[in-house]
Amino acid sequence: MKNLFNILGIISLGIFFSCSPKGPEKINFGKDQCELCKMGIEDPKFATELITEKGRIYKFDDLNCMQSYATENAEQVGQAKLYVPDFITNELFPIEKATLITGGAIKSPMNGNVAAFIDKTKAQEEAQKLGASFLEQ
């Protein structure tokens, strides 16, 4: 009987974790396409992801594309999680933790020209180097 409860507990945990929201998945650069503009996703410094409440993952080549898609598909997107890449490491992280800079020498695929940073100090250093300014969220 004790083994039965252990097995049921393990199965329940497996079901719980398999149904929990996904995190960002690897972008296959040169193969994946932007959900909005259908261009190939090439630059890891600007590639973003949107994950819906139901766990559907949409990939974009530029923050501008992701924001436009979210606005145009507000009902479908709901309370989606938005992920941006750190401009230094290219690792995806939640946009609400980002410091964003724009302008100057920043050139993104669809001319959104916004770079995201997980580290505010790095954002300040890069903004100064690139002649960029901070973007309010």
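This is a predicted model: local features need pLDDT of at least 70, side-chain atom pairs count only at pLDDT 80 or more; totals for chains, interfaces and linings use all residues.
Start with the overall layout. The chain holds four helices and seven strands, and, read from the N terminus, these elements come in the order α-β-β-α-α-β-β-β-β-α-β. Of the 137 residues, 35% are buried. Taking contacts between residues at least 6 apart in sequence, 53% link residues that are at least 24 apart.

Now for the inside. In soluble globular proteins, nonpolar side chains tend to be buried together. Here, the largest nonpolar core has 18 residues, and the members touching the most others are Leu-50, Phe-60, Leu-63 and Val-84. Two or more residues each are given to this core by β2 (57-60), α2 (63-72) and β6 (114-117). The largest share, five residues, comes from α2. A separate core of nine residues lies apart from it, including Phe-46, Phe-87, Ile-106 and Ala-127.

Helix α2 deserves a look of its own. Its buried residues are Leu-63, Cys-65, Met-66, Tyr-69 and Ala-70. Viewed down the axis of α2, these buried residues stay within an arc of 160 degrees, so they line one face of the helix. Thr-71 and Glu-72, on the other side of α2, are exposed. And what covers the buried residues? The cover includes β1 (48-51), β2, α3 (74-77), β3 (81-85), β5 (99-102) and β6. Leu-63 gives a residue-level view: setting aside neighbours within four places in sequence, Leu-63 is in contact with Phe-46, Thr-48, Val-84, Ile-95, Leu-100 and Val-114. The N-terminal end of α2 has a cap as well, provided by Asp-62, with a side-chain oxygen 2.9 Å from the backbone nitrogen of Asn-64.

Finally, a stop in a loop. Glu-53 sits between β1 and β2. Is Glu-53 buried or exposed? Residues over 50% relative accessible area count as exposed, and Glu-53 has 57% relative accessibility, so Glu-53 is exposed. Even so, Glu-53 has contacts beyond its neighbours within four places in sequence: Val-77, Gly-78 and Gln-79. Glu-53 and Gln-79 are 26 residues apart in sequence, yet their C-alpha atoms are 6.2 Å apart in space. The side chain of Glu-53 also reaches the backbone nitrogen of Gln-79, at 3.2 Å.

How values were computed
Residues are numbered from 1 along each chain as its sequence is written. Side-chain values use heavy atoms; hydrogens and water are left out. Buried means under 20% relative accessible area, exposed over 50%, partly exposed in between (1.4 Å probe, protein chains only). Contact means heavy atoms within 4.5 Å. A nonpolar core is a set of buried Ala, Val, Leu, Ile, Met, Phe, Trp, Tyr and Cys residues joined through side-chain atoms within 4.5 Å. The arc is that of the directions from the helix axis to the C-beta atoms. A polar contact is a pair of N or O atoms within 3.5 Å; within protein, one must be able to donate a hydrogen and the other to accept it, and residues adjacent in sequence count only if both atoms are side-chain atoms.
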